[in-house]
Amino acid sequence: MTVTRSAVLSATLLAGLLGGTGTLADTPERSSGLLSNGVATEAVTPSQSVDASYVPGGNVLRLPSGKWRYLPAGATKSVVVDAGDAGALEQVAASRAWLASGRVPGAPGLRRESAERALLSMRALLQPNGSFAAAWYPFWDFSWPRDSSFAVAAFAHTGHDEEAYRILRYNSATQRADGTWEARTRLDGSGPPDARPWQLDANGWVPWAAWQWYRAAPAADRDGRLEILYPTIRKAADYAAGSLDADGLPPASPDYWELPTATVNIGTAAPLLAGLNSSADLARSLGRAEDAARWSDAARRLSAGIAARFAPVGYQRTADGLHGRDSAVAFMAPPFNTAPADLPTALDETYRALLRPNGGLVPGNDPATRWGDITWTASTSFFALAWSGTGEGAKAGDVIDWVLSKRNTLGELPETVSADGRPKAVVPLGWTDAIVLIALLGADGTPLHTPPLHTPPPARQPQAG
């Protein structure tokens, strides 16, 4: 999970991040913003952000001196120029045109401004080959299938089809031969940066992202482009379906916390359900009836397994109920899955259990993992999606507004928030940007669709006589 990258980088780094009580130490922002020329990206350092601001509509930094800092075309290192420099103005104009080519969600004011900045930051994190960096800082500058899948959905539904499809093609290219994905890859697509265990949830997130892209893509050519992606979807869905046990549940796998569990977790099961339903619906769109039937059957088995094992414990982190609440309960709600009837209670109970004094949430309350009072913007934002999708618009709005209130001085969304309410870790975090954009679309009254769970036709009754 992007929100716990800093807790699992390496034993050495972990020791530096943890305080004497085993909670995350109070470290400041590591990065504060982004400069980009469409090919290269550079982080704005915390010192560079002091009393600075972006030129509206772009990734050019206005410095306290009145000069501008930007990353010229073809360069890999930023330069300081006079205000109004022709190259910098050209770059800002191109960024504004890109924004205008799509949709910036959110009511005028803070929400619209935040959405604009989130879109520009996501565009800066997206590389020409389709890899999507979690953030622009060492150990975060890799492409995670999960983070990039949310970026696909956000780009697609804000009218940036090319960017969304480019990410999908990258995820197709980096799929392993057996249909799974590494936890993350280097941005050049050359493979994983280390031996971190792969994660099964990608087999749900990538097909879900492809379905979201397809729903938003121009109808004229979307089927042809889906055909190109379809082998990836087939391998991912077949692996997911084949992983289910006799109870309909997948095996234990590291989840979005990027930590292993001894039994199946909701952070894997719920995305796989979304992915199987998405895959089945995409198969129907292309007339692949056998594939659709196979994946629909697997989705029904998985849905029944979740109902039997997770529902009785309130959709907690693991099916055995031994590892506490988990913000991934939100993955059982739209726009991922049709919410079970008992989910609203589980959402409320989980939110209360994970809420910290600064107003945000920690990812979970597993007794084995100490989060302290540092909260995580992605986990908090999950509830904006879930409550929006279950008809709790006021609750969703409160969450959105809390997250937006934690932007840094450049208007960027942080990975974490300190106990006293300050942005922490990497800023911006692409995953949070994408979640907030999706939540703002819902607040505008245009929520993302949810993959349908198709039920089998009723059995034909024998005729009398």
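Trp-376 has Thr-416 as its bridge partner in strand β10. I start there, and please keep in mind that this is a predicted model. Strand β10 covers residues 416-417, and β9 pairs with β10 in the antiparallel sense over two bridges. Both belong to an open sheet of three strands, ordered β9-β10-β11, with antiparallel pairing. Which strands are at the edges? They are β9, residues 375-376, and β11, residues 423-424, and each of these pairs on one side only.

Next, the sheet with four strands. Its order is β3-β4-β5-β6; this sheet is also open, and the pairing is antiparallel. The edge strands here are β3, at 53-54, and β6, at 79-81, each pairing on one side only. Inside that order, strand β4 (residues 61-62) pairs with strand β5 (residues 68-70) in the antiparallel sense, over two bridges. To find one of these bridges on the screen, go to Leu-61, whose bridge partner in β5 is Arg-69.

Now the hairpin. Strand β1, residues 33-36, and strand β2, residues 41-44, are antiparallel partners over four bridges. Gly-33 stands opposite Val-44 in β2. Between the two strands of the hairpin there are four residues, and Gly-38 takes a positive phi near 90°. Which way do the residues of β1 point? Gly-33 and Leu-35 point one way, Leu-34 and Ser-36 point the other way, and all are buried. As a general rule, side chains in a regular strand alternate between the two faces of the sheet.

On to the helices. Helix α11 is residues 343-354 and helix α12 is residues 377-389; their axes come within 11 Å and cross at roughly 155°. Why is this pair called roughly antiparallel? Because the label applies to angles over 145 degrees, α11 counts as roughly antiparallel to α12. The crossing of α11 and α12 is left-handed. On the α11 side, the contact is made by Leu-347, Asp-348, Thr-350 and Tyr-351; on the α12 side, by Phe-383, Ala-386 and Trp-387. Sorted by class, the contact of α11 with α12 has five nonpolar residues, one polar and one charged.

The second pair is helix α4, residues 110-125, with helix α14, residues 430-443. They pack at an angle of about 140°, and their axes are 9 Å apart. That angle makes α4 oblique to α14. The crossing of α4 and α14 is left-handed. The contact residues of α4 include Arg-111, Ala-115 and Met-122, and those of α14 include Asp-433, Leu-437 and Ala-443. By class, the contact of α4 with α14 has nine nonpolar, two polar and two charged residues.

Last, a single residue. Gly-275 lies in helix α9, which is residues 266-285. Is Gly-275 buried or exposed? The relative accessible area of Gly-275 is 2%, so this residue is buried, the cut-off for buried being under 20%. Leaving out residues up to four places away in sequence, Gly-275 touches Gly-204, Pro-207 and Trp-208. Arg-301 is 26 residues from Gly-275 along the chain, and the C-alpha atoms of the two are separated by 13 Å.

How values were computed. Residues numbered from 1 in each chain as written. Predicted model: local features only at pLDDT ≥ 70, side-chain atom pairs only at ≥ 80, totals over all residues. Heavy atoms only, no water. Buried < 20%, exposed > 50% of the residue type's maximum accessible area, 1.4 Å probe, protein only. Pairing = 2+ DSSP bridges. Axes fitted to C-alpha atoms, helices over the stretch in contact; angles between N-to-C directions. Parallel < 35°, antiparallel > 145°, perpendicular 65-115°, else oblique. Left-handed = near helix turned anticlockwise from the far one by under 90°. Contact = heavy atoms within 4.5 Å. Nonpolar A, V, L, I, M, F, W, Y, C, P; charged D, E, K, R; others polar.
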